[in-house]
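Please consider the sequence and the model shown below. The report that follows treats the packing of side chains, the aromatic rings, the sheet and the loops.

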Amino acid sequence: MTHKKGLGKGINALFGQNISNDESVSDNESVNISSDDKNVVIEADINKIEPNKNQPRTSFDEEKIAELAESIKEIGIVQPIVVKKNGDFFMIIAGERRWRAARKAGLKTIPVIIREYDEAEALEASLIENIQRENLNPLEEAFTYKKFYDEFNFNQETIAKKVGKSRTAVTNSMRLLNLDKRVQNFLKENKLSGGHARALLSISNGDLQFEAAEKVIEESLSVRMTEDFVKNFLENIERQNLKNENEKEKKAQPNSEMYNQIAKSLNDILGTKVNIKNGRNKGKIEIEYYSEEELDRLICLFKAIPR
């Protein structure tokens, strides 16, 4: 597994500097615990441990939890979960999957490492762990960035530095929260990737965006194909809107034949081409002339017309 650099406190901050990222990315790999007091492992009553309400990850694969539970029954939990004190209970910072699987396996106690984190640090550590494990879907990641932004007043530059990503990546992630709720559900269900979703953001109308998303899923389009599809989709909408506008304009001129006849009569009287444009709220008469002499002739005609 590739070592990821620059991810804020990272997994080392969760388990101590003697633990490598490679040792921390699997629920079934062993962990070296240092002798530092901060890294002492204790056995905690599993019923005294509760999930973090700010946990970035909101969906868990029950089939994989069941598989992990079977593994725990066989070899136990080889990597402690990280918690913080929360009154008489412990709140999970990292390792909720292991905790869920341990409960399913029937364990009474579970190994934990206690950390003293404030709410922002706890959220940061939980987010970083999930990002390094690549367990978050794009929407969960976006919601976590928004929580940093809304509740802890972190700007996007600060968020990017904490999670080891570019500011553009954080911005693009948070833009996913502008998706239609139905399209967001497709992301949660892993029916669409972040790349698909970002392409669909070009469609501002929620109903049309949902319609396009269904088409992308139905036809199993790649991200590149989705980008082309959205481009064509928007062009078709623009053409249809233009057609509708033209039809409205025509409806605003119900007596166009009458105006054509009037224009023809004026043409015969004035001896030059006359156009009548009838709008919804105002109209316009255009009289053409092709020389100064002809303009003088038309002026004389108008002066001769009795009022």
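In this predicted model, L192 touches V183, F186, L187, L200, A213, V216 and I217, with residues up to four places away in sequence left out of the count; a contact means heavy atoms within 4.5 Å. Residue numbers start from 1 along each chain as its sequence is written, and side-chain values rest on heavy atoms, with hydrogens and water left out. As the model is predicted, local features need pLDDT of at least 70 and side-chain atom pairs count only at pLDDT 80 or more, while totals for chains, interfaces and linings use all residues.

**Nonpolar cores**

L192 is also one of the residues with the most contacts inside the largest nonpolar core, which has 21 residues; the others are L176, L179, V183, L187, L200 and F229. Such a core is a set of buried Ala, Val, Leu, Ile, Met, Phe, Trp, Tyr and Cys residues joined through side-chain atoms within 4.5 Å. Buried means under 20% relative accessible area, exposed over 50%, and partly exposed in between, with a 1.4 Å probe and protein chains only. Two or more residues of this core come from each of α6 (138–151), α9, α10 (194–200), α11 and α12. Helix α11 gives the most, with four residues. Another core, of 18 residues, lies apart from this one and includes I49, I72, V83 and A105. Helices (H or I, at least four residues) and strands (E, at least two) are DSSP runs, numbered from the N terminus.

**Aromatic rings**

How many aromatic pairs are counted? The count comes to five, where rings of Phe, Tyr and Trp (its six-membered ring) pair if their centres lie within 6.5 Å; planes under 30 degrees apart count as stacked, over 60 as edge-to-face and the rest as tilted. The ring centres of F186 and F210 are 5.7 Å apart and the planes stand at 10°, so this pair is stacked. The pair links distant parts of the chain, since F186 belongs to helix α9 (residues 181–188) and F210 to helix α11 (residues 206–218), 24 residues apart. In the pair of F229 and F233, the centres are likewise 5.7 Å apart, but the planes are at 45°, so the pair is tilted. F229 and F233 are four residues apart in helix α12 (residues 223–251) and therefore separated by about one helical turn. The four phenylalanines of these two pairs have the following accessibilities.

| Residue | Relative accessibility | Class |
|---|---|---|
| F186 | 11% | buried |
| F210 | 18% | buried |
| F229 | 19% | buried |
| F233 | 13% | buried |

Ring pairs also link F148, F152 and F154 into a cluster. Charged side chains lie over two rings as well: R182 over the face of F210, at 4.3 Å from the ring centre, and K48 over the face of F89, at 5.0 Å from the ring centre. A charge sits over a ring if NZ of Lys or CZ of Arg is within 6 Å of the ring centre and within 35 degrees of the ring normal.

**The sheet**

Five strands form an open, mixed sheet in the order β1-β5-β3-β4-β2, two strands being paired if DSSP finds at least two bridges between them. The edge strands β1 (41–45) and β2 (49–50) each pair on one side only. Strand β1 runs antiparallel to β5 (residues 109–114), to which five bridges join it; A44 has I110 in β5 as its bridge partner. Strands β3 and β5 pair in the parallel sense over three bridges, and there I81 is the partner of V112. The hairpin of β3 and β4 has two residues between the strands, and in it G87 takes a positive phi near 70°.

Helix α4 (residues 96–105) lies across β2, β3 (81–86), β4 (89–94) and β5, at about 125° to β4. Axes are lines fitted to C-alpha atoms, for helices over the stretch in contact, and angles run from 0 to 180 degrees between N-to-C directions.

**Loop residues with positive phi**

Most residues other than glycine have a negative phi. N153, although not a glycine, has a positive phi of about 60°. N153 lies in the loop between α6 and α7 (156–163) and, at 67% relative accessibility, counts as exposed. N190 also has a positive phi, near 60°, without being a glycine. N190 is placed in the loop between α9 and α10 and is exposed, at 59% relative accessibility.
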